[in-house]
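Visitor: I'm new to this one, could you walk me through it?
Guide: Gladly, let us bring it up and begin with a term.

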Amino acid sequence: MALVKYQTTPFECVQLQDGLPQGSVTSRTMFNIMINDLICNLTKISGIKCQNFAANIVFYTTSADISDLNNRVNEGMRALKDWCSENVITFNSDKTLPVVYFDYRK
């Protein structure tokens with residue numbers, strides 16, 4: 001059950017089927033517990049590093065070989081897709097994008 005209260009006015013109580021109300025006291029902690037195994041899975045991939053903050057996850061790799069970069073990123077994306085399928089989670093594709101950086105100084 002979830003109840004929204006603004007100042008002293010309570011609103012209708014609703015039955016939750018799954019998930020947590022956005023902004024609830026425990027939602028951030030539960031989200032971090034939920035995605036912990038995703039981050040562990042990504043960092044097990046050779047050359048992949050992962051960072052997360054709040055509801056944002058970034059995984060990245062470095063290499064001088066574009067084929068190696070492509071293989072690592074694709075492996076990371078497969079791991080992400082599999083994890084999402086197993087945990088019934090979708091990512092917002094409007095907020096998800098690849099970024100490639102080059103070092104032109106060499």
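Guide: A salt bridge is a side-chain nitrogen of Lys or Arg within 4 Å of a carboxyl oxygen of Asp or Glu. This is a predicted model, in which local features need pLDDT of at least 70 and side-chain atom pairs count only at pLDDT 80 or more, while totals for chains, interfaces and linings use all residues. Residues are numbered from 1 along each chain as its sequence is written, and side-chain values use heavy atoms, with hydrogens and water left out.

Visitor: OK, how many salt bridges does the structure hold?
Guide: The structure holds one, formed by Arg72 with Asp68, whose closest N and O atoms are 2.9 Å apart.

Visitor: And where do Arg72 and Asp68 lie?
Guide: Both lie in helix α2, four residues apart, which is about one turn of the helix; helices here are DSSP runs of H or I with at least four residues, and strands are runs of E with at least two, numbered from the N terminus.

Visitor: Is Arg72 buried or exposed?
Guide: Arg72 is buried, because its relative accessible area is 18%, whereas Asp68 counts as partly exposed at 24%. Buried means under 20% relative accessible area, exposed over 50%, and partly exposed in between, with a 1.4 Å probe and protein chains only.

Visitor: Switching topic, what about Ile66?
Guide: Ile66 is also found in helix α2, which covers residues 66-87, and Ile66 counts as exposed, at 56% relative accessibility.
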